[in-house]
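Reader: I would like a close look at one part of this model, with its setting described as well. Please keep to what the coordinates give.

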Amino acid sequence: MIAMEELRQKYLRVRPFPFCPGCGGGMVLNAFSRAIDNLKIPQEDILIIAGIGCSAWIPSPFFKADTLHTTHGRSLAFGTGSKVANPKLKMIAFTGDGDGTGIGGNHLIHAARNNVDMVVLCINNNIYGMTGGQVAPTTPHEAKTATTPYGNPSNPFDACKLVEGAGATFVARWTTAHPPQLQKTIEKALQHKGFSFIEVMSQCPTQYGRKAGGGNAIEMLGRFKADYSTGAADSRMRLGEFVNIEKPELCEEIDKMVAKASAEKREISEQKNFADATPMHVRIAGKGGQGIVLAGMVLGHAFASCGMNVLQTQSYGSEARGGACKADVIASKEQINDLSPENPDVLVVMGNEALEKYGKGAPVIIMDDTVTALPPEGAKVVRVPATKIAKELGSAMSANAGMLGGLAAVSCAVPKEALANSIKETVDARFAETNTKVMEKCFEGAKN
Ligand code: SF4
């Protein structure tokens with residue numbers, strides 16, 4: 001076994017310790033460092049993610065590896081993004097019961113559901129420690145905290161059962177009074193492919209000890225030994241490994257999806273020629289209820305089927321229906337780095353308010369026949385009677401598709417056939433046929 005001093009020099013930065021005397025944080029760091037050392041995982045392969053709280057101080061800034069010290073509760077969202085961007089990373093999250101199961105509860109559920117390949121160490125001290133001893137989702141019923149001075153009226157939940165129900169593929173619980181078992185389980189989790197969750201019951205003598213009457217560190221460790229066991233009747237006090245199964249992992253599933261999309265994209269791009277001008281930023285704007293977001297999705301899908309990288313975002317007011325809204329679609333053959341360029345290359349607009357709000361700076365504006373407001377000076381304007389044609393063909397709601405037909409005719413940014421395929425795949429089958437007809441008629445009209 002590696003000596004403590006050697007372990008410290010190899011894995012830890014020399015910093016003043018931030019933990020209160022008797023805190024369990026250092027014991028978790030010890031078990032974790034030993035697990036990494038036993039498995040000989042190169043430190044440059046590791047990315048540690050942490051949120052906010054005492055748990056986040058365990059790896060950051062002590063452990064010598066890259067660390068993302070993120071916002072409260074959001075570490076697993078940052079971790080999911082990092083893992084998808086670089087699946088080779090050995091991803092480990094340090095979170096607490098407040099950070100991970102309270103503020104970040106939703107991210108926890110969905111990271112488990114997606115079976116993201118990461119190890120989550122959830123250090124449960126039954127309270128929000130660093131922020132002042134507030135009640136947490138794991139605080140026992142009737143326990144006194146800074147925010148429940150007359151006792152906690154709520155019931156705690158079992159974090160292990162929660163992530164098991166959400167789809168985690170490795171779930172375990174130990175306490176800081178069980179260091180060898182904790183280390184072995186961390187090693188197993190590090191070798192497991194998929195979402196691994198280890199709850200570590202840890203003593204917080206400062207907040208839980210003083211406020212909730214938990215006692216000092218020795219008393220708490222004694223209780224962990226006495227009350228928690230592999231055969232405990234109360235599932236929240238049961239120790240051991242509860243789940244260890246295999247399921248497809250998120251990055252592998254994404255790879256499969258990309259392979260499928262690439263096969264489709266080749267079929268279309270070999271047949272059709274589309275404009276080389278990239279990146280291209282199209283903004284579709286109108287009123288809520290006109291299918292602006294759907295038009296953005298159809299266009300984005302069509303660009304993607306032509307082998308382009310696509311970024312699609314949308315924005316609408318709190319009123320949702322009736323107010324001005326927009327969908328931005330950026331397509332490029334290169335990687336898209338500028339995520340929100342201010343001015344689009346083309347504005348496709350279906351309402352007066354939207355023209356006023358989003359019209360500035362667009363060199364080309366494609367306007368529906370219902371738009372009566374004056375376009376900004378200097379812009380090249382093309383009028384497409386999409387609403388009129390959509391009504392003639394039986395559904396005013398198909399005008400959004402007509403505007404895309406006008407865009408295809410005017411800018412040559414995307415082939416009409418790619419739009420037709422995208423409508424078939426994206427739009428409800430009941431409306432797809434009319435939408436395609438409206439799109440094609442507007443395309444022909446705008447071409448001539
Ligand atoms: S507040 Fe509690 S959990 Fe935080 S460092 Fe102090 S003892 Fe540890």
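What distance separates the centres of domain 1 and domain 2, taken over C-alpha atoms? From there, please go on to the ligand: which residues are around the ligand?

Author: The centres of domain 1 and domain 2, taken over C-alpha atoms, are separated by 47 Å. This is a predicted model. The domain assignment places residues 4-250 in domain 1 and residues 272-447 in domain 2.

Now the ligand. The residues around the ligand are Phe 19, Cys 20, Cys 23, Cys 54, Asn 125, Gly 129, Cys 204, Pro 205, Thr 206 and Gln 207.

Asn 125 belongs to the shell, and the residue numbered next, Asn 126, has a positive phi of about 70° although Asn 126 is not a glycine. Asn 126 is placed in the loop between strand E4 (118-124) and H6. The other detail concerns a proline: the peptide bond from Ser 60 to Pro 61 is cis, and its omega is near 15°. Pro 61 sits in the loop between strand E1 (46-50) and strand E2 (66-69).

Helix H5 (residues 105-113) and helix H6 (residues 159-166) have axes that come within 7 Å and cross at roughly 45°. That angle makes H5 oblique to H6. The handedness of the H5 and H6 crossing is right-handed.

Aromatic contacts come next. Over the whole structure, a search finds 7 aromatic pairs. One aromatic cluster is formed by Tyr 11, Phe 32, Phe 63 and Phe 94. A pair of aromatic rings is described by the distance of the centres and the angle of the planes.

Two further helix pairs complete the account. Helix H11 (residues 292-305) packs with helix H14 (residues 399-411) at an angle of about 40°, and their axes are 9 Å apart. H11 and H14 are therefore oblique to each other. The crossing in which H11 passes H14 is right-handed. Helix H15 (residues 416-426) and helix H16 (residues 429-447) have axes 9 Å apart and pack at an angle of about 165°. H15 is therefore roughly antiparallel to H16, as the angle is over 145 degrees. The crossing of H15 and H16 is right-handed.

Definitions and conventions:
Residues numbered from 1 in each chain as written. Predicted model: local features only at pLDDT ≥ 70, side-chain atom pairs only at ≥ 80, totals over all residues. Heavy atoms only, no water. Phe/Tyr/Trp six-rings, centres within 6.5 Å; stacked < 30°, edge-to-face > 60°. Near = heavy atom within 4 Å. Domains from an automatic or database assignment. Axes fitted to C-alpha atoms, helices over the stretch in contact; angles between N-to-C directions. Helix = DSSP H or I, 4+ residues; strand = E, 2+ residues; numbered from the N terminus. Parallel < 35°, antiparallel > 145°, perpendicular 65-115°, else oblique. Left-handed = near helix turned anticlockwise from the far one by under 90°.
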